[in-house]
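Reader: I would like to go through this structure with you, starting with how its parts pack together. Could you take my questions one at a time?

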Protein chains: 2
Amino acid sequence: MDNFIAPEQLVASLQWRYATKKFDPSRKIPAPIWKALEDSLVLTPSSFGLQPWKFFIIQDQDLRQQLLPHSWNQTQVVEASHLVVFAIKTAIDTDYADRYLERMAEVQGVAIEDLAGFGNMLKGFITKPPLSLDEWAVRQVYIALGQFMAAAALLGIDTCPMEGFIPHKYDEILGLPAQGYRSVVLCPAGYRDPSDKHASRAKVRFPQSTVIGYLPQ
Amino acid sequence: MDNFIAPEQLVASLQWRYATKKFDPSRKIPAPIWKALEDSLVLTPSSFGLQPWKFFIIQDQDLRQQLLPHSWNQTQVVEASHLVVFAIKTAIDTDYADRYLERMAEVQGVAIEDLAGFGNMLKGFITKPPLSLDEWAVRQVYIALGQFMAAAALLGIDTCPMEGFIPHKYDEILGLPAQGYRSVVLCPAGYRDPSDKHASRAKVRFPQSTVIGYLPQ
(Lines give C-alpha, C1' and ligand atoms only; values in the text may rest on other atoms or scores of the structure.)
Protein backbone atom coordinates (compact mmCIF):
# COMPACT_ATOMS: atom_id res chain seq x y z
CA MET A 1 0.00 0.00 0.00
CA ASP A 2 1.38 3.43 -0.84
CA ASN A 3 -1.67 5.64 -0.62
CA PHE A 4 -0.91 7.47 2.63
CA ILE A 5 -1.72 11.06 3.46
CA ALA A 6 0.60 14.01 3.95
CA PRO A 7 1.48 15.06 7.51
CA GLU A 8 0.01 18.52 6.86
CA GLN A 9 -3.34 17.01 5.92
CA LEU A 10 -3.50 14.99 9.12
CA VAL A 11 -2.71 17.97 11.30
CA ALA A 12 -5.10 20.27 9.41
CA SER A 13 -7.96 17.80 10.01
CA LEU A 14 -7.16 17.43 13.70
CA GLN A 15 -6.97 21.21 14.01
CA TRP A 16 -10.29 21.54 12.18
CA ARG A 17 -12.15 19.27 14.60
CA TYR A 18 -13.58 20.57 17.88
CA ALA A 19 -16.12 19.38 20.42
CA THR A 20 -19.21 20.38 18.45
CA LYS A 21 -21.86 21.96 20.65
CA LYS A 22 -24.44 22.63 17.97
CA PHE A 23 -25.03 20.29 15.06
CA ASP A 24 -27.05 21.16 11.96
CA PRO A 25 -30.08 18.86 12.41
CA SER A 26 -30.89 19.01 8.70
CA ARG A 27 -27.62 17.45 7.55
CA LYS A 28 -27.22 13.69 7.56
CA ILE A 29 -23.97 11.79 7.04
CA PRO A 30 -24.07 10.10 3.60
CA ALA A 31 -24.13 6.30 3.67
CA PRO A 32 -20.62 5.68 2.25
CA ILE A 33 -19.04 7.97 4.82
CA TRP A 34 -21.04 6.49 7.66
CA LYS A 35 -20.06 3.00 6.52
CA ALA A 36 -16.37 3.98 6.76
CA LEU A 37 -16.95 5.27 10.29
CA GLU A 38 -18.59 2.00 11.27
CA ASP A 39 -15.61 0.20 9.76
CA SER A 40 -13.30 2.36 11.86
CA LEU A 41 -15.18 1.19 14.96
CA VAL A 42 -15.04 -2.46 13.92
CA LEU A 43 -11.33 -2.22 13.07
CA THR A 44 -10.30 -0.59 16.36
CA PRO A 45 -7.31 -2.32 17.97
CA SER A 46 -7.86 -3.80 21.43
CA SER A 47 -5.87 -5.64 24.04
CA PHE A 48 -5.35 -9.26 22.84
CA GLY A 49 -7.74 -8.29 20.02
CA LEU A 50 -10.63 -9.19 22.33
CA GLN A 51 -12.99 -6.36 21.30
CA PRO A 52 -14.89 -6.26 24.61
CA TRP A 53 -17.49 -3.88 23.21
CA LYS A 54 -20.51 -3.02 21.14
CA PHE A 55 -21.34 0.26 19.43
CA PHE A 56 -25.01 1.20 19.39
CA ILE A 57 -26.11 3.58 16.67
CA ILE A 58 -29.26 5.65 17.16
CA GLN A 59 -30.88 7.80 14.52
CA ASP A 60 -34.47 7.56 15.73
CA GLN A 61 -35.66 10.93 17.03
CA ASP A 62 -38.18 9.62 19.54
CA LEU A 63 -35.59 7.45 21.22
CA ARG A 64 -33.09 10.29 21.26
CA GLN A 65 -35.64 12.63 22.82
CA GLN A 66 -36.07 10.09 25.60
CA LEU A 67 -32.31 10.13 26.21
CA LEU A 68 -31.99 13.93 26.20
CA PRO A 69 -32.97 14.56 29.85
CA HIS A 70 -30.40 11.94 30.89
CA SER A 71 -27.70 13.72 28.86
CA TRP A 72 -27.60 16.94 30.87
CA ASN A 73 -29.96 18.22 28.13
CA GLN A 74 -27.07 18.54 25.72
CA THR A 75 -28.81 18.95 22.38
CA GLN A 76 -26.09 17.21 20.38
CA VAL A 77 -27.85 14.00 21.41
CA VAL A 78 -30.89 14.92 19.31
CA GLU A 79 -29.41 17.25 16.69
CA ALA A 80 -26.46 15.26 15.36
CA SER A 81 -26.91 13.00 12.36
CA HIS A 82 -25.94 9.86 14.29
CA LEU A 83 -25.58 9.14 18.00
CA VAL A 84 -23.08 6.42 18.96
CA VAL A 85 -23.33 4.83 22.40
CA PHE A 86 -20.05 3.12 23.22
CA ALA A 87 -20.72 0.12 25.47
CA ILE A 88 -18.65 -2.58 27.13
CA LYS A 89 -19.55 -6.23 27.23
CA THR A 90 -20.29 -7.02 30.85
CA ALA A 91 -19.43 -10.72 30.83
CA ILE A 92 -15.84 -11.20 29.73
CA ASP A 93 -15.25 -14.83 30.63
CA THR A 94 -13.63 -17.98 29.27
CA ASP A 95 -16.68 -18.65 27.09
CA TYR A 96 -16.10 -15.28 25.48
CA ALA A 97 -12.44 -16.17 24.97
CA ASP A 98 -13.57 -19.38 23.25
CA ARG A 99 -15.83 -17.46 20.90
CA TYR A 100 -12.92 -15.21 20.02
CA LEU A 101 -10.62 -18.19 19.42
CA GLU A 102 -13.26 -19.74 17.16
CA ARG A 103 -13.47 -16.50 15.22
CA MET A 104 -9.70 -16.37 14.92
CA ALA A 105 -9.56 -19.96 13.65
CA GLU A 106 -12.28 -19.16 11.11
CA VAL A 107 -10.76 -15.90 9.84
CA GLN A 108 -7.17 -17.14 9.71
CA GLY A 109 -8.00 -20.65 8.51
CA VAL A 110 -6.14 -22.41 11.30
CA ALA A 111 -7.12 -25.31 13.55
CA ILE A 112 -8.42 -24.27 16.95
CA GLU A 113 -5.90 -26.66 18.54
CA ASP A 114 -3.10 -24.59 17.06
CA LEU A 115 -4.32 -21.62 19.08
CA ALA A 116 -4.05 -23.42 22.42
CA GLY A 117 -1.01 -21.46 23.62
CA PHE A 118 -2.60 -18.11 22.86
CA GLY A 119 -5.89 -19.37 24.30
CA ASN A 120 -4.25 -20.28 27.57
CA MET A 121 -2.69 -16.84 27.81
CA LEU A 122 -6.06 -15.21 27.13
CA LYS A 123 -7.85 -17.30 29.72
CA GLY A 124 -5.09 -16.69 32.22
CA PHE A 125 -5.61 -12.96 31.77
CA ILE A 126 -9.38 -13.25 32.06
CA THR A 127 -9.37 -15.41 35.17
CA LYS A 128 -6.63 -13.42 36.93
CA PRO A 129 -6.75 -9.92 35.46
CA PRO A 130 -4.36 -7.28 36.81
CA LEU A 131 -7.29 -4.83 37.05
CA SER A 132 -11.07 -5.13 36.97
CA LEU A 133 -12.15 -6.56 33.63
CA ASP A 134 -14.84 -3.89 33.45
CA GLU A 135 -12.28 -1.13 33.73
CA TRP A 136 -9.99 -2.92 31.29
CA ALA A 137 -12.89 -3.05 28.83
CA VAL A 138 -13.69 0.62 29.37
CA ARG A 139 -10.10 1.53 28.48
CA GLN A 140 -10.38 -0.41 25.23
CA VAL A 141 -13.60 1.42 24.41
CA TYR A 142 -11.72 4.70 24.76
CA ILE A 143 -9.28 3.54 22.06
CA ALA A 144 -12.34 3.12 19.84
CA LEU A 145 -13.51 6.62 20.78
CA GLY A 146 -10.12 8.08 19.89
CA GLN A 147 -9.93 6.25 16.58
CA PHE A 148 -13.54 7.18 15.75
CA MET A 149 -13.03 10.90 16.37
CA ALA A 150 -9.76 10.98 14.41
CA ALA A 151 -11.35 9.05 11.55
CA ALA A 152 -14.34 11.40 11.53
CA ALA A 153 -12.08 14.47 11.43
CA LEU A 154 -10.21 13.07 8.41
CA LEU A 155 -13.54 12.55 6.65
CA GLY A 156 -14.85 16.02 7.49
CA ILE A 157 -17.36 14.77 10.03
CA ASP A 158 -17.92 16.61 13.30
CA THR A 159 -18.10 14.85 16.63
CA CYS A 160 -18.45 15.62 20.32
CA PRO A 161 -17.18 13.17 22.94
CA MET A 162 -19.63 13.08 25.87
CA GLU A 163 -19.11 11.63 29.31
CA GLY A 164 -21.90 13.82 30.68
CA PHE A 165 -24.86 11.47 30.75
CA ILE A 166 -26.48 9.02 33.16
CA PRO A 167 -25.26 5.59 32.06
CA HIS A 168 -27.78 3.58 34.05
CA LYS A 169 -30.67 5.54 32.55
CA TYR A 170 -29.27 5.01 29.08
CA ASP A 171 -28.87 1.30 29.82
CA GLU A 172 -32.46 1.08 31.02
CA ILE A 173 -33.97 2.99 28.10
CA LEU A 174 -31.90 1.17 25.50
CA GLY A 175 -32.28 -2.26 27.10
CA LEU A 176 -28.53 -2.86 27.16
CA PRO A 177 -28.19 -5.09 30.25
CA ALA A 178 -30.48 -7.73 28.72
CA GLN A 179 -28.14 -7.81 25.74
CA GLY A 180 -25.07 -8.08 27.99
CA TYR A 181 -23.74 -4.54 27.60
CA ARG A 182 -23.31 -1.36 29.64
CA SER A 183 -22.94 2.17 28.24
CA VAL A 184 -19.68 4.02 28.86
CA VAL A 185 -19.34 7.10 26.70
CA LEU A 186 -21.23 8.82 23.86
CA CYS A 187 -20.23 10.39 20.59
CA PRO A 188 -22.73 12.26 18.43
CA ALA A 189 -21.52 12.70 14.84
CA GLY A 190 -22.72 14.91 12.02
CA TYR A 191 -22.14 18.44 10.75
CA ARG A 192 -21.53 21.58 12.75
CA ASP A 193 -24.24 24.22 12.61
CA PRO A 194 -22.94 27.48 11.10
CA SER A 195 -24.17 29.28 14.22
CA ASP A 196 -21.93 27.27 16.61
CA LYS A 197 -19.55 29.90 17.95
CA HIS A 198 -17.32 27.21 19.47
CA ALA A 199 -16.12 26.32 15.98
CA SER A 200 -14.14 29.54 15.62
CA ARG A 201 -12.66 29.67 19.12
CA ALA A 202 -8.96 28.93 19.39
CA LYS A 203 -8.25 25.35 20.46
CA VAL A 204 -6.88 25.25 24.00
CA ARG A 205 -3.93 22.93 24.42
CA PHE A 206 -0.98 23.16 26.75
CA PRO A 207 2.25 23.98 24.93
CA GLN A 208 3.96 21.06 23.23
CA SER A 209 6.83 21.31 25.75
CA THR A 210 4.38 20.71 28.62
CA VAL A 211 2.80 17.52 27.31
CA ILE A 212 5.63 16.00 25.25
CA GLY A 213 8.82 14.96 27.03
CA TYR A 214 12.00 13.48 25.60
CA LEU A 215 13.96 10.94 27.62
CA PRO A 216 16.69 10.82 28.69
CA GLN A 217 16.54 14.51 29.44
CA MET B 1 -11.57 23.48 4.94
CA ASP B 2 -12.39 21.10 2.12
CA ASN B 3 -9.37 18.87 2.00
CA PHE B 4 -10.80 15.71 3.50
CA ILE B 5 -9.98 12.15 2.54
CA ALA B 6 -12.11 9.56 0.79
CA PRO B 7 -13.83 6.90 2.93
CA GLU B 8 -11.98 4.17 1.00
CA GLN B 9 -8.64 5.67 1.92
CA LEU B 10 -9.49 5.74 5.62
CA VAL B 11 -10.60 2.13 5.63
CA ALA B 12 -7.62 0.97 3.55
CA SER B 13 -5.23 2.54 6.07
CA LEU B 14 -7.01 1.02 9.07
CA GLN B 15 -6.99 -2.35 7.31
CA TRP B 16 -3.30 -1.94 6.55
CA ARG B 17 -2.34 -1.40 10.18
CA TYR B 18 -1.73 -4.31 12.56
CA ALA B 19 -0.06 -4.79 15.92
CA THR B 20 3.50 -4.86 14.63
CA LYS B 21 5.59 -7.54 16.33
CA LYS B 22 8.83 -6.93 14.49
CA PHE B 23 10.00 -3.48 13.49
CA ASP B 24 12.84 -2.79 11.07
CA PRO B 25 15.44 -1.29 13.42
CA SER B 26 17.24 0.42 10.55
CA ARG B 27 14.28 2.60 9.53
CA LYS B 28 13.60 5.85 11.36
CA ILE B 29 10.48 7.98 11.06
CA PRO B 30 11.38 11.18 9.15
CA ALA B 31 11.12 14.39 11.19
CA PRO B 32 8.09 15.94 9.40
CA ILE B 33 6.06 12.76 9.89
CA TRP B 34 7.10 12.42 13.49
CA LYS B 35 6.21 16.06 14.11
CA ALA B 36 2.68 15.39 12.81
CA LEU B 37 2.38 12.41 15.17
CA GLU B 38 3.45 14.58 18.10
CA ASP B 39 0.84 17.11 16.99
CA SER B 40 -1.78 14.37 16.97
CA LEU B 41 -0.88 13.63 20.60
CA VAL B 42 -1.02 17.29 21.60
CA LEU B 43 -4.34 17.80 19.79
CA THR B 44 -6.08 14.78 21.35
CA PRO B 45 -9.51 15.67 22.74
CA SER B 46 -10.04 15.10 26.47
CA SER B 47 -12.78 15.48 29.02
CA PHE B 48 -13.22 19.23 29.76
CA GLY B 49 -10.11 19.68 27.60
CA LEU B 50 -8.01 19.04 30.73
CA GLN B 51 -5.25 16.98 29.06
CA PRO B 52 -4.32 15.04 32.21
CA TRP B 53 -1.26 13.52 30.54
CA LYS B 54 2.25 13.61 29.24
CA PHE B 55 3.76 11.64 26.38
CA PHE B 56 7.36 10.59 26.85
CA ILE B 57 9.34 9.88 23.70
CA ILE B 58 12.37 7.61 23.88
CA GLN B 59 14.80 7.03 21.05
CA ASP B 60 17.92 6.32 23.12
CA GLN B 61 18.96 2.69 22.77
CA ASP B 62 20.60 2.31 26.17
CA LEU B 63 17.50 3.50 27.96
CA ARG B 64 15.30 1.25 25.86
CA GLN B 65 17.52 -1.76 26.59
CA GLN B 66 16.99 -1.04 30.30
CA LEU B 67 13.22 -1.11 29.75
CA LEU B 68 13.21 -4.32 27.71
CA PRO B 69 13.20 -6.81 30.61
CA HIS B 70 10.27 -4.90 32.11
CA SER B 71 8.35 -5.18 28.83
CA TRP B 72 7.96 -8.96 28.79
CA ASN B 73 11.06 -8.81 26.53
CA GLN B 74 8.96 -7.64 23.61
CA THR B 75 11.56 -6.40 21.16
CA GLN B 76 9.35 -3.68 19.69
CA VAL B 77 10.52 -1.61 22.66
CA VAL B 78 14.07 -1.53 21.29
CA GLU B 79 13.54 -2.06 17.56
CA ALA B 80 10.90 0.55 16.71
CA SER B 81 11.98 3.99 15.56
CA HIS B 82 10.30 5.75 18.49
CA LEU B 83 8.90 4.48 21.78
CA VAL B 84 6.03 6.49 23.28
CA VAL B 85 5.23 6.06 26.97
CA PHE B 86 1.72 7.35 27.63
CA ALA B 87 1.53 8.71 31.19
CA ILE B 88 -1.10 10.32 33.38
CA LYS B 89 -0.55 13.31 35.58
CA THR B 90 -0.87 12.04 39.13
CA ALA B 91 -1.98 15.29 40.79
CA ILE B 92 -5.17 16.53 39.19
CA ASP B 93 -6.25 19.23 41.62
CA THR B 94 -7.68 22.72 41.70
CA ASP B 95 -4.22 24.19 41.08
CA TYR B 96 -4.09 22.21 37.89
CA ALA B 97 -7.53 23.51 36.95
CA ASP B 98 -6.24 27.04 37.51
CA ARG B 99 -3.27 26.43 35.20
CA TYR B 100 -5.68 25.18 32.57
CA LEU B 101 -7.95 28.21 32.98
CA GLU B 102 -4.92 30.50 32.64
CA ARG B 103 -3.95 28.72 29.46
CA MET B 104 -7.50 29.04 28.14
CA ALA B 105 -7.55 32.77 28.91
CA GLU B 106 -4.20 33.18 27.16
CA VAL B 107 -5.08 31.18 24.03
CA GLN B 108 -8.59 32.57 23.62
CA GLY B 109 -7.74 36.11 24.65
CA VAL B 110 -10.40 36.33 27.35
CA ALA B 111 -10.28 37.56 30.93
CA ILE B 112 -9.87 34.81 33.52
CA GLU B 113 -12.89 36.24 35.37
CA ASP B 114 -15.02 35.45 32.36
CA LEU B 115 -14.16 31.78 32.79
CA ALA B 116 -15.45 31.61 36.36
CA GLY B 117 -18.54 29.57 35.51
CA PHE B 118 -16.56 26.99 33.59
CA GLY B 119 -13.89 27.04 36.29
CA ASN B 120 -16.41 26.27 39.00
CA MET B 121 -17.72 23.34 37.00
CA LEU B 122 -14.16 22.04 36.50
CA LYS B 123 -13.30 22.35 40.16
CA GLY B 124 -16.57 20.76 41.14
CA PHE B 125 -15.66 17.78 38.99
CA ILE B 126 -12.14 17.58 40.38
CA THR B 127 -13.16 17.82 44.03
CA LYS B 128 -16.11 15.43 43.71
CA PRO B 129 -15.33 13.21 40.73
CA PRO B 130 -17.78 10.43 39.82
CA LEU B 131 -14.86 7.99 39.55
CA SER B 132 -11.22 7.98 40.66
CA LEU B 133 -9.39 10.84 38.96
CA ASP B 134 -6.56 8.46 38.17
CA GLU B 135 -8.88 6.16 36.29
CA TRP B 136 -10.55 9.11 34.62
CA ALA B 137 -7.13 10.29 33.45
CA VAL B 138 -6.23 6.80 32.22
CA ARG B 139 -9.36 6.76 30.07
CA GLN B 140 -8.38 10.06 28.50
CA VAL B 141 -4.92 8.68 27.74
CA TYR B 142 -6.55 5.84 25.84
CA ILE B 143 -8.27 8.41 23.60
CA ALA B 144 -4.77 9.68 22.82
CA LEU B 145 -3.63 6.12 22.09
CA GLY B 146 -6.54 5.58 19.71
CA GLN B 147 -5.97 8.86 17.92
CA PHE B 148 -2.21 8.22 17.72
CA MET B 149 -2.58 4.77 16.17
CA ALA B 150 -5.19 5.96 13.67
CA ALA B 151 -3.03 8.97 12.75
CA ALA B 152 0.01 6.73 12.32
CA ALA B 153 -1.90 4.34 10.05
CA LEU B 154 -2.99 7.23 7.84
CA LEU B 155 0.65 8.33 7.55
CA GLY B 156 1.93 4.82 6.80
CA ILE B 157 3.58 4.39 10.19
CA ASP B 158 3.37 1.10 12.05
CA THR B 159 2.51 0.88 15.72
CA CYS B 160 1.92 -1.70 18.41
CA PRO B 161 -0.19 -0.87 21.47
CA MET B 162 1.37 -2.48 24.55
CA GLU B 163 -0.17 -2.98 27.96
CA GLY B 164 2.30 -5.76 28.69
CA PHE B 165 4.96 -4.03 30.76
CA ILE B 166 5.67 -3.29 34.40
CA PRO B 167 4.52 0.29 34.95
CA HIS B 168 6.26 0.81 38.29
CA LYS B 169 9.58 -0.34 36.83
CA TYR B 170 9.15 2.03 33.91
CA ASP B 171 8.28 4.84 36.31
CA GLU B 172 11.38 4.12 38.38
CA ILE B 173 13.77 3.88 35.41
CA LEU B 174 12.33 6.95 33.68
CA GLY B 175 12.01 9.01 36.86
CA LEU B 176 8.34 9.78 36.20
CA PRO B 177 7.01 10.13 39.77
CA ALA B 178 9.42 12.97 40.50
CA GLN B 179 7.97 14.77 37.49
CA GLY B 180 4.40 14.07 38.63
CA TYR B 181 3.51 11.34 36.15
CA ARG B 182 2.77 7.61 36.05
CA SER B 183 3.08 5.35 32.99
CA VAL B 184 -0.09 3.71 31.67
CA VAL B 185 0.42 2.21 28.23
CA LEU B 186 3.12 2.06 25.53
CA CYS B 187 3.16 2.49 21.81
CA PRO B 188 6.28 1.81 19.75
CA ALA B 189 6.11 3.38 16.28
CA GLY B 190 8.19 2.84 13.17
CA TYR B 191 8.25 0.54 10.16
CA ARG B 192 7.35 -3.13 10.01
CA ASP B 193 10.18 -5.52 9.26
CA PRO B 194 9.59 -7.42 6.00
CA SER B 195 10.08 -10.66 7.94
CA ASP B 196 7.13 -10.01 10.32
CA LYS B 197 4.69 -12.77 9.43
CA HIS B 198 1.94 -11.07 11.44
CA ALA B 199 1.65 -8.43 8.74
CA SER B 200 0.10 -10.84 6.26
CA ARG B 201 -2.26 -12.64 8.65
CA ALA B 202 -5.94 -11.89 8.26
CA LYS B 203 -7.17 -9.32 10.77
CA VAL B 204 -9.46 -10.95 13.33
CA ARG B 205 -12.58 -8.95 14.09
CA PHE B 206 -16.03 -10.12 15.08
CA PRO B 207 -18.58 -9.64 12.30
CA GLN B 208 -19.99 -6.13 11.96
CA SER B 209 -23.39 -7.42 13.11
CA THR B 210 -21.86 -8.59 16.41
CA VAL B 211 -20.24 -5.30 17.42
CA ILE B 212 -22.51 -2.73 15.77
CA GLY B 213 -26.13 -2.52 16.89
CA TYR B 214 -28.91 -0.28 15.63
CA LEU B 215 -31.53 0.99 18.06
CA PRO B 216 -34.46 0.76 18.25
CA GLN B 217 -34.22 -2.79 16.98
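Reader: Which strands does helix α2 of chain A lie across?

Author: In this predicted model, α2(A), residues 31-42, lies across β1, β2 and β4 of chain A together with β5 of chain B. The helix runs at about 130° to β5(B).

Reader: And α8(A), what does that helix lie across?

Author: Helix α8(A), residues 167-174, lies across β1, β2 and β4 of chain A together with β5 of chain B. Its direction is at about 90° to β4(A).

Reader: What is the strand order in that open sheet?

Author: The order is β3(A)-β4(A)-β2(A)-β1(A)-β5(B), five strands with mixed pairing. At the edges stand β3(A), residues 158-159, and β5(B); each has a single partner strand, so one side of each is left without a neighbour in the sheet.

Reader: Let us go through the pairs. How many bridges join β1(A) to β5(B), and do they run parallel or antiparallel?

Author: Four bridges join them, and the two strands run parallel. Within this pair, I57(A) stands opposite Y214(B).

Reader: Next, β1(A) with β2(A): in which sense do they pair?

Author: They pair in the antiparallel sense, over six bridges. W53(A) is opposite I88(A) of β2(A).

Reader: How many bridges link β2(A) to β4(A)?

Author: There are eight, and the strands run antiparallel. H82(A) has A189(A) in β4(A) as its bridge partner.

Reader: That leaves β3(A) and β4(A). How many bridges there?

Author: Two bridges, again with the strands in the antiparallel sense. D158(A) stands opposite G190(A) of β4(A).

Reader: How many residues of β2(A) are buried?

Author: Seven of its eight residues are buried, so β2(A) is largely enclosed by the rest of the structure.

Reader: Turning to the other sheet, in what order do its strands come?

Author: This open sheet also has five strands, in the order β5(A)-β1(B)-β2(B)-β4(B)-β3(B), and its pairing is mixed. Its edge strands are β5(A), residues 212-215, and β3(B), residues 158-159, each pairing on one side only.

Reader: And β2(B) with β4(B), over how many bridges do they pair?

Author: Over eight bridges, in the antiparallel sense. One facing pair is K89(B) and Y181(B), the latter in β4(B).

Reader: Which strands do α2(B) and α8(B) cover?

Author: α2(B) lies across β5 of chain A together with β1, β2 and β4 of chain B, at about 130° to β5(A). α8(B), residues 167-174, packs on the sheet and touches β5 of chain A as well as β1, β2 and β4 of chain B. The direction of α8(B) makes about 90° with that of β4(B).

Reader: How many residues are in contact across the two chains?

Author: On chain B there are 71 residues in contact with 71 residues of chain A. Elements of chain B that each supply at least two residues to this side include α1 (7-16), α5 (94-108), α7 (133-155) and β5 (212-215). The largest share, 14 residues, comes from α7(B).

Reader: What is the make-up of that side by class?

Author: The side of chain B that touches chain A has 45 nonpolar, 15 polar and 11 charged residues.

Reader: What is V141(B) in contact with, leaving aside its neighbours within four places in sequence?

Author: V141(B) is in contact with W53(B), F86(B), I88(B), V184(B) and V185(B).

Reader: Finally, some overall figures for chain A. How many helices and strands are there?

Author: Chain A has 10 helices and five strands. Of its 217 residues, 40% count as buried. The C-alpha atoms of chain A fill a box of roughly 60 × 50 × 35 Å along the principal axes. Among contacts in chain A between residues at least 6 apart in sequence, 82% join residues at least 24 apart.

How values were computed: Residues numbered from 1 in each chain as written. Chains lettered and ligands numbered in written order. Predicted model: local features only at pLDDT ≥ 70, side-chain atom pairs only at ≥ 80, totals over all residues. Contact = placed C-beta atoms within 7 Å. Nonpolar A, V, L, I, M, F, W, Y, C, P; charged D, E, K, R; others polar. Pairing = 2+ DSSP bridges. Axes fitted to C-alpha atoms, helices over the stretch in contact; angles between N-to-C directions. Buried ≥ 20, exposed ≤ 12 C-beta atoms within 10 Å, placed from the backbone.
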